[in-house]
Amino acid sequence: LTDRELEVLDHVYHGRSSKKIADELNLSSRTVELHRQNCSKKIGIITPHILSMLFPAKYRGPTCGLEL
């Protein structure tokens, strides 16, 4: 995952909506949605809830044992 995708995922983990994430990161809501979709595609997870549970804010690389 890219740094930006991880940043968006961190916000998802904290329960923020795409609109709220877009406002905080100075992005369009559509861009945030694309980042969320890319995260799901790259790791094969469909639901945002499961996606955010697997990649909490602490995740910043292979230290958790996952190679992406």
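What follows is a short chat about a predicted model of a protein chain.

Student: Before we start, what kind of model is this, and which pLDDT cut-offs apply?
Tutor: This is a predicted model: local features need pLDDT of at least 70, side-chain atom pairs count only at pLDDT 80 or more, and totals for chains, interfaces and linings use all residues. Residues are numbered from 1 along each chain as its sequence is written, and side-chain values use heavy atoms, with hydrogens and water left out.

Student: How many helices and strands does the protein chain have?
Tutor: Four helices and zero strands. Helices (H or I, at least four residues) and strands (E, at least two) are DSSP runs, numbered from the N terminus. Along the sequence the pattern reads α-α-α-α.

Student: Where does Ile43 lie?
Tutor: Ile43 is in helix α3, residues 29-43.

Student: Is Ile43 buried or exposed?
Tutor: Ile43 counts as buried because its relative accessibility is 18%. Buried means under 20% relative accessible area, exposed over 50%, partly exposed in between (1.4 Å probe, protein chains only).

Student: How far apart are Ile43 and Leu1?
Tutor: In sequence, 42 residues; in space, 8.7 Å, C-alpha to C-alpha.

Student: New topic. Where is Asn26 found?
Tutor: In the loop between α2 (18-25) and α3. Phi of Asn26 is near 60°, a positive value in a residue other than glycine.

Student: And why does Asn26 count as exposed?
Tutor: Because its relative accessible area is 71%.

Student: Back to the whole chain. What share of the residues counts as buried?
Tutor: Of the 68 residues, 34%.
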